[in-house]
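Please open the structure in the viewer and keep the sequence at hand.

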Amino acid sequence: TIVRSLRRLAYSVDYCHDGEQALGLLCVERYDLVLLDLNLPGADGMTVLRTLRKTDRDTRVLILSARSEVADKVAGFTQNDVILSCGALCFDTKTRTATAAGQVLTLTRKETGILEYLLLHRGRPVSQEELIDHVWDNSVDNFSNSIRVHISALRKKLRAALGYDPI
């Protein structure tokens, strides 16, 4: 499924079975991307989208549907390769691999998510709470020490490859 595939690629994913549940999560969580099925039970996908757009015009929404007219439009989109870089540090968003000074880094799923988010928001401070919101799913405790442990491990790997700590 899409959820399993995204999680395997180290994305944090919340999953809903119906439109009402989706509306509930959208009221309390902020998402980088919403994958929306128009044929949801309960509140349908268009209702979810209209409700979201009343309060949030920034969240990206990708509509997935068995309805042919929408599927035809969505099929026209292609995924572009995006390489994020900062000095000798590079991150390929398609393959989700990082290199430092030409050396491939072996990162955990969370380290990959943290690095990608930091590179996407390079040039501004990123809080621990913001990383938790965007890299972890909604089951993590905001007071957990987990984020510090993952950042520390990422820093060690970057320091070993680059000779300095870019975070």
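Which residues does valine 104 touch, not counting residues up to four places away in sequence? Select valine 104 in this predicted model, and then display Ala98 and Thr99, the residues that valine 104 touches. Valine 104 has its place in strand 6. Its relative accessible area is 57%, and because this is over the 50% cut-off, valine 104 counts as exposed.

Now turn to the partner of strand 6. Select residues 97–100, which make up strand 5; strand 5 and strand 6 pair in the antiparallel sense over three bridges. To see one pair of bridge partners, select alanine 100 together with glutamine 103, its partner in strand 6.

Four strands form an open sheet in the order 3-4-5-6, with antiparallel pairing. Strand 3 (83–86) and strand 6 (103–105) stand at the edges; each has a single partner strand, so one side of each is left without a neighbour in the sheet. From one strand to the next, the twist averages 25 degrees.

Select residues 109–120 for helix 5, which lies across strand 3, strand 4 (89–92) and strand 5, and runs at about 105 degrees to strand 4. Then select residues 146–162 for helix 7, which lies across strand 4, strand 5 and strand 6, and runs at about 175 degrees to strand 6.

Methods: Residues numbered from 1 in each chain as written. Predicted model: local features only at pLDDT ≥ 70, side-chain atom pairs only at ≥ 80, totals over all residues. Heavy atoms only, no water. Pairing = 2+ DSSP bridges. Helix = DSSP H or I, 4+ residues; strand = E, 2+ residues; numbered from the N terminus. Axes fitted to C-alpha atoms, helices over the stretch in contact; angles between N-to-C directions. Contact = heavy atoms within 4.5 Å. Buried < 20%, exposed > 50% of the residue type's maximum accessible area, 1.4 Å probe, protein only.
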